[in-house]
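Reader: I am new to this structure and would like to learn how to read it. Could we go through it feature by feature?

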Amino acid sequence: SQSMGKRQTLWILLFLCLGIRGQIPRRYPSFSLSNWVDLAINWNGPRDNPNQIQPIRSNGLTNLRIDQNWSSSAISQDSFAIQCNGILYANPFHWDGDAMLTSTRGEFQTHISTYSEVGTPFHLYRSYYVPPGEGFYLIQYNFTNPTSSPMRFRLLDYIVTDHPSSSNNVSASYDSTDDLLLADLTATGQYAFAMGQFATPSAYAVGPDAGSESMLEQFQSTQVLDGTNLYQGGQASLGTVTNFTVNVGDTVSYYFFRTLRKDFDSVKEVVRRIRSKSPQEWIDFTSEKYSTWLASGKSPNHPTNDERILYENSLISMKNSQTPGLGTMVASFHPAYGYKVWSRDGSFAAMIMDQAGFQVEAEMYLRWMSRAQLRDDGGFHTCYDWYSGEVRGFVEPQNDNAGAFLMAVYMHYTLTNDVNFLKEIYPRIREIENFFLNKVGHFGFVPADYSIWEESSSGQTGEPIAPSYFTFTQSLGYAGTWAASAIERVLGNSTRALQLEARANEISNSVLKNLWIPPSDGNYGYFARSMLGEESNFELDRRVDSSTSAAIFTGISSEFQAVQQIIKNLTQLEYGIGRYWGDIFFYSSKWNPGGKEVGAPTPPWGVVTMFTAWAEMSLKTHGDFVENRLRWMCKHAAPGLMPVGEAIDGVTGNFVESSSPDLYEYAGVFIWTILMSEGQADLPNPKMWKVRS
C-alpha cells in the first residue's frame, strides 16, 4: 500500500541517518591519563566501533592501576546512573556522547548527550582529572537545566572492583569517621582503594558486583542504597547516591575522588591531602602542571587555532601514553589493540618527543628498549605489553624497529650531547648493530620481514604470506646503521664505525639497484613496495605504496618522481594519502578489528599523509602541500581536535574508531611535521642531524 511504502521509506531514511550501513554516529572510543609518577586510569566509551549497534560496556573508566602492580587493575567499572524528575536513566551502557580534552589543560571531558541514542533533557558533562604527582583522580559532574521547570536528580556514582586473581575475597566497607568507601583489593593483585566526595551523600552502600544487592541494581529498583557497610566476596561494588535540584537555567557541579595506594595508611594520607584543597583548586593545580609541562617543550610559531589545539592535544595524549617509571609507550589507547607497545611505533614516538623538546620522556622509553627482551635472532619483538614490558605475540619478524631504535638513540644524543647515555645503553646498541652486521639477506638487504603493514596472511583468503624485502624496512635499516656508525665514532670506535657505514651503503645501494622501477607508460619512476623472497624468484611487488617515501626522507634517494607517483595514485580527500592501491584493511579484510568501517578500499591514513609531507620537505618541493596536509589532519580529527586512529573513511571523511587514538600514527606524526615545517625539528635523516652544544 502507499502508506506502507511511506513507512518503509522512513525506516530507510532513519537507517541511513545512523551512518553508512546502519552504523551509529562516530564517537571517540578511548583515552588514558596518568599522574606521571605511579597511577594511571583508562576511559572507554560504550562501543569500540560503530558496527556495535548494542553497547558492550558502561561509559566510564575500565582500569585503575598503580606501579606496585601495573599488570592488574583495581576496578572494572567506574560509572554512574541517574533519576531525573522521576525518569530513570539507569543503564550505564546507554550513556554516549563526544569525549575530548578541553581548554582546561589536564581535563578529559565526556559530554553525555544521549541515552539509548536519544538526546537527554538535561546537559551533563562528566570530566576526569589526574593531578600530576598526586595519588588520586578526580571526577566532576556538571548538570545544566535548559528547560522551563526545576529538575530533581538522584545521582548514583559507583565503581565495581576487578575480577580477583585468586580464590580470595575482596573486602569492602564504609568508614564513617572519614566518610569513605574502602576496598581491600589484595585478591585482585592490587592494594588499598578508597572513594569519597566533597559533598555529603544522601545514601551509600557496599555490596556484590551483580544481583539485587549490587549498587546498580539497588538504584534501578529503589533509586536509593541500603546503607550496607561491610561486604566480602569475589567482586564488590561501592557507591553513593546524591539528591539535588537544578533550577531553570542553572548549572550544578558535584565532585568525587578515588585513590589506590599500597596500604590504608597511605590512603588516609592521600585523602587528607585531597580534602586540604577545594575541587576547583585541584583542577587549577592540574591545569597549571600541564601548562608548565607544555611550556617546557616546543610550540609551533605560527599555527592556525586548529593546529595549535591538535598539537597540544597530541602532546598531552603522547605524554599519557607512557607508563610512569617503566617507560613503555603504548601505540593506541583503544582496547581492540590490546594495550600493546609496538617497538617501531615507540621508537618513532621517542624521536617525536625528543624533537618536541621532551627529552626525559624520550630517554625513558629508550632505556626501557635497552632492557626489552630480544628475539632469538637478535632483533626486537614486534610488540610488548604496555604495563609490564613483557613480550606480546604479534606478526613477526618485523625489522624496521631495529633501525628506528638506532635512529632514536643517535637523535637523542644529538639533542642532549649526553655521551654517558650512549655508554650506559651501549650493550643494547651493540646487539642491534650485530643484528644488522650478521643477519644479511639476499642482495645485501636487511632480512625479509613483514614491516610496515604487518600482512603475514591475506586479508582476502587468510592464506599465509611469506616475508618480503620491503622498501620501508630497508630504508630504516639504512638510516639505523648509518646512525650506529655515527654513535661508534662518538665513542671512539672508528673500525666499528666503518663497518656499519659500509653496511649502510650496502643496504642503500641494494634499494637503488633492486627496488627502483623506472618510469614507463606514463607512470613516474618509483620504489617497489617490496621484493618477494627466493620462493617467488625475487619478483617485485609493484603496487604503489606510500611507505616507500621512507627511501626519500631517510636520504637513500632524491627522486622527486617517486613522490609524484605516490601522490598521483594514492591521494584521497584532497590531501590525504592511502597506504597502497587496493588496501582493503578496514573495508573488506578478514582481519578488520571492527568490521567494515570505511566505504571504499585504500582509505587515507594520517601516518603516510605525514610521511609524504616529510618526503616533500626533504626534497624542498612541497610549496603549500605540507601546510594543506597539516590542515587535512585537523579537518579529520575527532571533535575537540582530538587525534584519531590509523585511517579516515575516504568516502565520508569520518575517522575510523578502531585504534583511536593512535599515538604515533596520528598524534605523533602531526607534532613532528608541523615542527619540521617551521624548521624547528629535524627531518628523519641521520646524516642531516647536528650535535647540539
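**Loops, overall form, a sheet and cavities**

Author: This is a predicted model. A place to begin is Glu 574, which lies in the loop between strand S27 (571-572) and strand S28 (576-578).

Reader: What is the phi of Glu 574?

Author: Most residues other than glycine have a negative phi, and most peptide bonds are trans. Glu 574 is not a glycine, yet its phi is positive, about 80 degrees. Its relative accessibility is 60%, so Glu 574 counts as exposed, the cut-off being over 50%.

Reader: Which other residue has a positive phi without being a glycine?

Author: Phe 443 is one of them, with phi near 60 degrees. Phe 443 is found in the loop between H10 and S22. Because its relative accessibility is 43%, Phe 443 counts as partly exposed.

Reader: Where are cis peptide bonds found, by way of example?

Author: One joins Glu 396 and Pro 397, with omega about 0 degrees. Pro 397 is in the loop that runs between strand S21 (391-392) and helix H8 (400-416). Another cis bond joins Ser 451 and Ile 452, where omega is about 5 degrees. Ile 452 sits in the loop between helix H10 (426-438) and S22, and Phe 443 is also placed in the loop between H10 and S22.

Reader: How many bridges join S22 to S25?

Author: Two bridges link S22 with strand S25 (residues 530-531), and these strands run antiparallel. Tyr 469 has Met 531 of S25 as its bridge partner.

Reader: Now the whole chain. How many helices and strands does the chain have?

Author: There are 17 helices and 29 strands in the chain. Its radius of gyration is 27 Å, close to the 26 Å that the globule rule gives for 693 residues, so the chain is as compact as a globular protein of that length. The C-alpha trace spans about 75 × 75 × 50 Å along its principal axes.

Reader: What percentage of the residues is buried?

Author: Of the 693 residues in the chain, 61% are buried. As for contacts between residues at least 6 apart in sequence, 68% join residues at least 24 apart.

Reader: How many cavities does a search of the whole structure find?

Author: Rolling a probe the size of a water molecule over the atoms shows where empty space is left. Here the search finds four cavities of 30 Å³ or more. The largest cavity holds about 70 Å³ of space. Strand S13 (180-184) and strand S14 (192-197) are the elements that give two or more residues to its lining. S14 gives the largest share, three residues.

Reader: Which residues line the largest cavity?

Author: Among them are Tyr 174, Asp 179, Leu 180, Met 195 and Thr 240. The lining divides into six nonpolar residues, three polar and one charged.

Reader: And what lines the second largest cavity?

Author: The second largest cavity has about 60 Å³ of space. Its lining includes Ile 24, Arg 27, Trp 43, Asp 96 and Glu 657. This lining is made up of five nonpolar, two polar and four charged residues.

Key: Residues are numbered from 1 along each chain as its sequence is written. This is a predicted model: local features need pLDDT of at least 70, side-chain atom pairs count only at pLDDT 80 or more; totals for chains, interfaces and linings use all residues. Side-chain values use heavy atoms; hydrogens and water are left out. On a 1 Å grid over the protein atoms alone, a cavity is a set of points where a 1.4 Å probe fits but cannot get out, and a pocket is an open set with protein on both sides within 12 Å along at least five of seven lines; lining residues have an atom within 4 Å of a point. Grid points are joined across faces, edges and corners, and a volume is the space filled by probe spheres set on the points. Helices (H or I, at least four residues) and strands (E, at least two) are DSSP runs, numbered from the N terminus. Ala, Val, Leu, Ile, Met, Phe, Trp, Tyr, Cys and Pro count as nonpolar, Asp, Glu, Lys and Arg as charged, and the others, Gly among them, as polar. Two strands pair if DSSP finds at least two bridges between them. The radius of gyration is taken over C-alpha atoms; the globule rule is 2.2 Å times the number of residues to the power 0.38. Buried means under 20% relative accessible area, exposed over 50%, partly exposed in between (1.4 Å probe, protein chains only). Contact means heavy atoms within 4.5 Å.
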